[in-house]
Amino acid sequence: MKLQGKVAIVTGGSRGIGFAIVESFVKEGAKVSICGSCLETAQKAVDNILLNYPNADVMPVGVNVRDTEEVKKMVEQVVEKWGCIDILVNNAGIVATKALIEMTDEDFTSIMDVNVTGVFKCTREVVKIMKARGGSIINTSSLVGTYGGKMQSAYGTSKFAVNGFTKSCAKELGMYNIRVNAVAPGVVETDMVAENVSEQMLEGLKQMTPLGKMAQPEELAGVYVYLASDDASFTTGAIFQVDGGLVL
Ligand SMILES: NC(=O)c1ccc[n+]([C@@H]2O[C@H](COP(=O)([O-])OP(=O)(O)OC[C@H]3O[C@@H](n4cnc5c(N)ncnc54)[C@H](OP(=O)(O)O)[C@@H]3O)[C@@H](O)[C@H]2O)c1
């Protein structure tokens, strides 16, 4: 098992891509703090994991990543239970598909708060612990974070920032043996896509994708396992595009 005994935090672990990451980490022997935006969604995910993996060592944590005190409490809970943190996956994210001139201040600010400031806050608090013995931080970016996206001015800006944050942290934290990488998915079948992408647009995207479909969340998870594991011991500052060949 590639992550035997490692302690991981997965934000946005309650559903979608994050839940698939949690499941793969559990299969590889990790102890996982499954984070949702509130305790109810985190607990539901823990219950689902325990149904299939009754021996899994998992803990539900409700944390709004915008809130500094809640983020600090998340880190405290994990350290209290398991004594260290080896892996942080900054995966929680939100989107708004809107024309620029329709985008309100609140739309823009809330996307930046969750997708950028949330990633910063979780990373800062975890690194205070992780720097003692090294670790791996993996940020969920997006294809839109490299190429931009129509009706995605806030989301695209936030994911470009995630890439910049990833590379800057990789440079700064290498001296502590902390590796920092990002995964940039294409289109993945989750609630986020169901709620924000029209059937017509999805069909077009599938046709433009050499693999001819959108991804299931589980098809992303292996990249996170790799980046979290010692197999990636010399990999840092990289943005892994996982998009079925949509942009080549
Ligand atoms: N799906 C795609 O096609 C796609 C493509 C590229 C990148 N991504 C990125 O992948 C990540 C996961 O996306 P997804 O498609 O799996 O999304 P999703 O199904 O909508 O799930 C979003 C997750 O983020 C959590 N979350 C939302 N706001 C939060 C907050 N303020 N504090 C803490 N947690 C919060 C949600 O928790 P609750 O369950 O409690 O609401 C949930 O676990 C995001 O960063 C997204 O930008 C997705």
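I take a residue as buried if 20 or more other C-beta atoms lie within 10 Å of its own, as exposed if 12 or fewer do, and as partly exposed in between, with C-beta atoms placed from the backbone. The model I am reading is predicted, with local features needing pLDDT of at least 70 and side-chain atom pairs counting only at pLDDT 80 or more, while totals for chains, interfaces and linings use all residues. I number residues from 1 along each chain as its sequence is written.

I began with N52, which I found in helix α2 (helices are DSSP runs of H or I of at least four residues, strands are runs of E of at least two, both numbered from the N terminus). Is N52 buried or exposed? N52 counts as exposed because it has 10 C-beta neighbours inside 10 Å. I also looked up its distance to E23, which is 29 residues away in sequence and 9.4 Å away in space, C-alpha to C-alpha.

Next I traced the sheet, which is open, has 7 strands with parallel pairing, and runs in the order β3-β2-β1-β4-β5-β6-β7 (two strands pair if DSSP finds at least two bridges between them). I noted that β3 (58–62) and β7 (239–242) each have a single partner strand, so one side of each is left without a neighbour in the sheet. The twist from one strand to the next averages 15°, with axes taken as lines fitted to C-alpha atoms, for helices over the stretch in contact, and angles running from 0 to 180 degrees between N-to-C directions.

For β1 (residues 7–10) and β2 (residues 31–36) I read parallel pairing over 4 bridges, and V10 stands opposite I34 in β2. Helix α2 (residues 39–52) packs on the sheet, where it touches β2 and β3, and its direction makes about 165° with that of β3 (contact means C-beta atoms, placed from the backbone, within 7 Å).

I then turned to β5 (residues 135–140), where 6 of its 6 residues are buried. G135, I137 and N139 point one way from the strand, whereas S136, I138 and T140 point the other way. β5 pairs with β4 (residues 87–90) in the parallel sense over 4 bridges, and N139 is the bridge partner of N90.

Last, I looked up the ligand, which 30 residues surround, the closest being G12, G16, T41, G93 and T190 (near means a C-beta atom, placed from the backbone, within 6 Å). Helices α1 (16–27) and α7 (191–196) each supply at least two residues of this shell.

Terms used. Contact = placed C-beta atoms within 7 Å.
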